[in-house]
Amino acid sequence: APAPATKERPRRTRATRAGPAETDPTPVFQYPPGVAASDSIVVTRGDLRRLEPDEFLNDNLVDFYLKVIVADARRSPLGEDPAFGDVARDVHAFSSHFFTKLREGDSRGKLKPDSEKAQRAHARVERWTRGVDVFAKKFLLVPVVEDLHWSLAIVCHPGELAKRALARERRELDVGATEDEDEDEDCPARPCVIHMDSLRMHSAKKIEKWLRCFLEMEWRKRHSDEEPFTLRERTARAGGPPADLLLAMPKVPQQTNSCDCGVYTLRYGQEFLARAVCRGARLAVDGRDVSLCFRDHDFEAWFTGRDIAEMRRDIKKLAADLELEKIRAAYRREQAEDAAAPPAGAAPP
């Protein structure tokens with residue numbers, strides 16, 4: 001049976017440069033198509049105009065294509081890889097609104113676990129994780145839009161982070177225990193935040209701080225039957241103990257114009273997952289990788305500006321295909337309704 005029709009209502013979107021976020025709010029298609037999901041995205045005619053060259057992607061387009069990359073085996077550029085099912089299982093992509101809401105209106109002061117500031121921050125975003133345990137995932141993709149610019153943060157191994165922090169706190173309570181020197185280069189799954197920015201414009205340290213706060217509070221909320229943890233931060237003194245959640249800022253391809261930051265953000269996510277989950281998962285994000293800031297993997301060679309232009313065209317073509325699918329589905333429904341209707345002039349049963 002055909003999926004029930006849903007009322008398509010475009011959500012308010014933000015531009016990534018000055019000017020109107022929507023020049024034309026006419027709905028074009030809903031994604032995922034035919035599914036009445038609370039997190040579905042209605043792409044408008046104005047959104048699609050942002051796929052033209054020299055235009056800036058808005059939140060609707062970034063959220064739409066991240067969903068495609070992570071969860072759509074039929075349409076994802078990674079969909080043909082035999083390990084694509086692991087992407088859907090092991091990866092969660094947050095909405096572009098997540099990080100904005102997390103830090104909204106709370107720019108000053110330290111973020112201490114259980115403080116009013118931390119509780120307010122978590123309360124603003126807790127609805128985004130009601131249906132997902134982020135600590136059961138290997139990677140969390142967090143698009144960040146600030147100061148009219150996009151970048152991507154990736155939280156790696158959040159489940160290992162919880163185990164690591166809890167084990168450290170138990171050792172610290174044991175007066176006779178010594179610090180475990182596992183440590184970091186030999187760690188097979190090293191928790192960290194990887195920040196990728198095509199203009200090196202955002203503050204990676206600030207992003208890591210807010211994500212660290214979110215993880216501490218999310219554990220308290222979703223795993224209330226277990227011990228809470230407080231993540232150890234990086235110390236200023238040389239030779240001090242390492243942070244539980246490291247921050248890595250590898251060298252990545254940089255944009256050469258002022259409009260492609262959104263496409264770069266999407267491409268960073270695609271290329272990372274291609275290596276960390278698909279293609280034999282050659283990028284382990286282990287202790288050595290993080291301690292060397294991924295120099296063994298040459299992130300800078302992942303793609304070129306020409307690949308970015310082609311990706312923009314690919315997203316535009318996918319949007320056109322989804323619009324055509326919607327038109328065809330509507331036509332099939334009309335045909336089915338006409339076939340089920342009694343002939344004109346026929347006596348009622």
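Author: The model is predicted, so local features need pLDDT of at least 70 and side-chain atom pairs pLDDT 80 or more, while totals for chains, interfaces and linings use all residues. Residues are numbered from 1 along each chain as its sequence is written, and side-chain values use heavy atoms, without hydrogens and water.

Reader: Is S76 buried or exposed, and what is its relative accessible area?

Author: The terms are set by relative accessible area: buried is under 20%, exposed over 50%, and partly exposed in between (1.4 Å probe, protein chains only). S76 counts as buried because its value is 8%.

Reader: How far apart in space are L211 and L102, C-alpha to C-alpha?

Author: L211 sits in helix α7 (residues 204-222) and is buried, at 2% relative accessible area. Leaving out residues up to four places away in sequence, L211 touches F98, F99, L102, V142, A153, V155 and V193. L211 and L102 are separated by 109 residues in sequence, yet their C-alpha distance is 8.5 Å.

Reader: How are α5 and α7 oriented to each other?

Author: The axes of α7 and helix α5 (residues 116-125) are 9 Å apart, at an angle of about 80 degrees. K117, A118, Q119, A121, H122, R124 and V125 of α5 meet W210, C213, F214, M217, E218 and K221 of α7. The two helices are therefore roughly perpendicular.

Reader: At roughly what angle do the axes of α8 and α10 cross?

Author: Helix α8 (residues 261-276) and helix α10 (residues 305-340) have axes that come within 10 Å. Residues making the contact include V263, Y264, L266, R267 and Q270 of α8, and G305, D307, I308, M311, R312 and I315 of α10. The pair is roughly perpendicular, and the axes cross at roughly 95 degrees.

Technical notes
Axes fitted to C-alpha atoms, helices over the stretch in contact; angles between N-to-C directions. Helix = DSSP H or I, 4+ residues; strand = E, 2+ residues; numbered from the N terminus. Parallel < 35°, antiparallel > 145°, perpendicular 65-115°, else oblique. Contact = heavy atoms within 4.5 Å.
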